[in-house]
Amino acid sequence: MLIVGHDEVRSLLDGREQDILDLIAQAYRLHDAGRSAVPHSVFLRFPEERANRIIGLPAYLGGSEPVAGIKWIASFPGNVARGVERASASMVLNSMADGSPQAFIEASLISAKRTGASAALAAGLLCAEPEPTGISLVGLGPINLEVLRFTAVRLPSLRTVAVYDLDAERARTFAERVIREVPGLTVTVADSAASALGAHSLVSLATTAGTPHMDLSACRPEATVLHVSLRDLTVAAVLEAQNVVDDTDHVCRERTSLHLAELDTGGREFIHAELGALLCGSAGFRRGPGSRVVFSPFGLGVLDLALAQWVCDRANAEQAGVRVEGFLPGSASPGGRRAGRPGHRSPDRPAMPAQPGGGLDALAGDAAPGASLP
C-alpha cells in the first residue's frame, strides 16, 4: 500500500497548471465518450450537526490504463472559526486487476486543483471576449485562488483581479497572497459584492452558501459566471442565463441552484451544454448576443481520480510516499517496506515532468455564506 501525504502531493503538483489542465480536459473527454462510471455522490449528514457532512465520490475512468477509486471529503464549516481547515479529503485507488486498494492519498490539493482547472477550462471556452483582461472573484478561499491560478494560465490575457469577501480581513490577506503567488496581476479589493460582480465580464463565485441569495443584475450583460459553489444563484438568475454544466444528471440534485430550477420548471431545458461535449466539439453551443452564461460544475469523481492516479504514478517513479507491507492478507514481507513499482503513464494521461514543489495550504473553507462543491 502506497501512502502519499499532503506535502508530497503539493510538491508533485506545484507549478503544473498547464499539465493539469490537459489532464482534466482529457478526463472530461473520456467521460463525454461514455468511458467512465460516475455513481451519484453519497452525502453523509449528521442529525445533531446539520452543517457538517462527509461526501463519498466513487468513480471509474477508462482509457488504455483504467483506474477506479473513491474520494472521501469532509466539510466541517465550524473549523474555520477554530483556525482549522474546513475540509479534509483522502482518496483510495484500487487495482483494476484484482480490486485491491493500491494507494491512500491526501486529496485536499487534488480536490482544489481539479476544481480550479475545470473552471478555467470552462472560462476559456465560454468567455464572450476572446482575450478577457480581468476577472472578479467572490468568496475568497483556496478554491477561488486555484480558479485564478488556472485561469491565468488558460487565459494569459488576464491583467486585473477584483476580489470580494464578507470578511474584509480575509479579502486583504487573499489579495496579498495573489500578488505573491500569481505574479503579473493587479488586485483590487471591492467594497461590495455588486461592485465585484460588475467589475469584469468574467466572474467566479466560490462561497459557502447553502441556499440561493444572489441574482446577476450587477453583472455585465455579456458576463461569464463560473458558479463553482453551486448554491449562490436564485432560480430566476439561472433561468435567465445560458447554462453549461459538467454533468446534467449530477448537478440537478442536492438542492443546487440548478436542482431548484428543475423543480420549479419541471424539466432541464434550461441547461444548454455539458463541458465535455464542448471540449470534444460536439455540443453545438452558441452564446446568444448580450446573454450571460453560467457554468455550474457539480464536481465529478473522475477528475479527482485522474489527478490522483497521476500523483500515484509520479510518487512511485520518484520513490515518494510511504510503502506499507502487511496491509492486505498475505502481503507482508520480511523487509516490512518495499520500493515502489516503476512509474508508468497512459497515453490518456499527459506526461508531467517532475520539478520541485512550492507552498499551498490545505483546502479550507471559502468564506461567504454557504456550501462548497464536493
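Reader: How many aromatic pairs does the count come to in this structure?

Author: A pair of aromatic rings is described by the distance of the centres and the angle of the planes. Rings of Phe, Tyr and Trp (its six-membered ring) pair if their centres lie within 6.5 Å, with planes under 30 degrees apart counted as stacked, over 60 as edge-to-face and the rest as tilted. By this rule the count is 1 aromatic pair. Phenylalanine 46 and phenylalanine 76 form this tilted pair, at 6.1 Å centre to centre and with 50° between the planes. The model is predicted: local features need pLDDT of at least 70 and side-chain atom pairs count only at pLDDT 80 or more, while totals for chains, interfaces and linings use all residues. Residues are numbered from 1 along each chain as its sequence is written, and side-chain values use heavy atoms, with hydrogens and water left out.

Reader: Which parts of the chain does the pair tie together?

Author: Helices (H or I, at least four residues) and strands (E, at least two) are DSSP runs, numbered from the N terminus. Phenylalanine 46 lies in strand S3 (residues 42-46) and phenylalanine 76 in the loop between strands S5 (67-75) and S6 (87-94), so the pair ties together parts 30 residues apart in sequence.

Reader: Is phenylalanine 46 buried, exposed or partly exposed?

Author: Buried means under 20% relative accessible area, exposed over 50% and partly exposed in between (1.4 Å probe, protein chains only). With a relative accessible area of 23%, phenylalanine 46 is partly exposed; phenylalanine 76, with 27%, is partly exposed as well.

Reader: At what angle do helix H2 and helix H4 pack?

Author: Axes are lines fitted to C-alpha atoms, for helices over the stretch in contact, and angles run from 0 to 180 degrees between N-to-C directions. Helix H2 (residues 17-32) and helix H4 (residues 142-154) pack at about 90°, with their axes 9 Å apart. Contact means heavy atoms within 4.5 Å. Glu17, Gln18, Ile20 and Leu21 of H2 make the contact with Arg149, Phe150, Val153 and Arg154 of H4.

Reader: How many residues of helix H11 are buried?

Author: In H11, 15 of the 17 residues are buried, so this helix is largely enclosed by the rest of the structure. Leucine 305 lies in helix H11 and counts as buried, at 0% relative accessibility.

Reader: Which residues does leucine 305 touch?

Author: Not counting residues up to four places away in sequence, leucine 305 touches Ala59, Tyr60, Leu61, Val67, Ala68, Gly69, Met91 and Leu93. Leucine 305 and methionine 91 are 214 residues apart along the chain, and their C-alpha atoms are separated by 8.2 Å.
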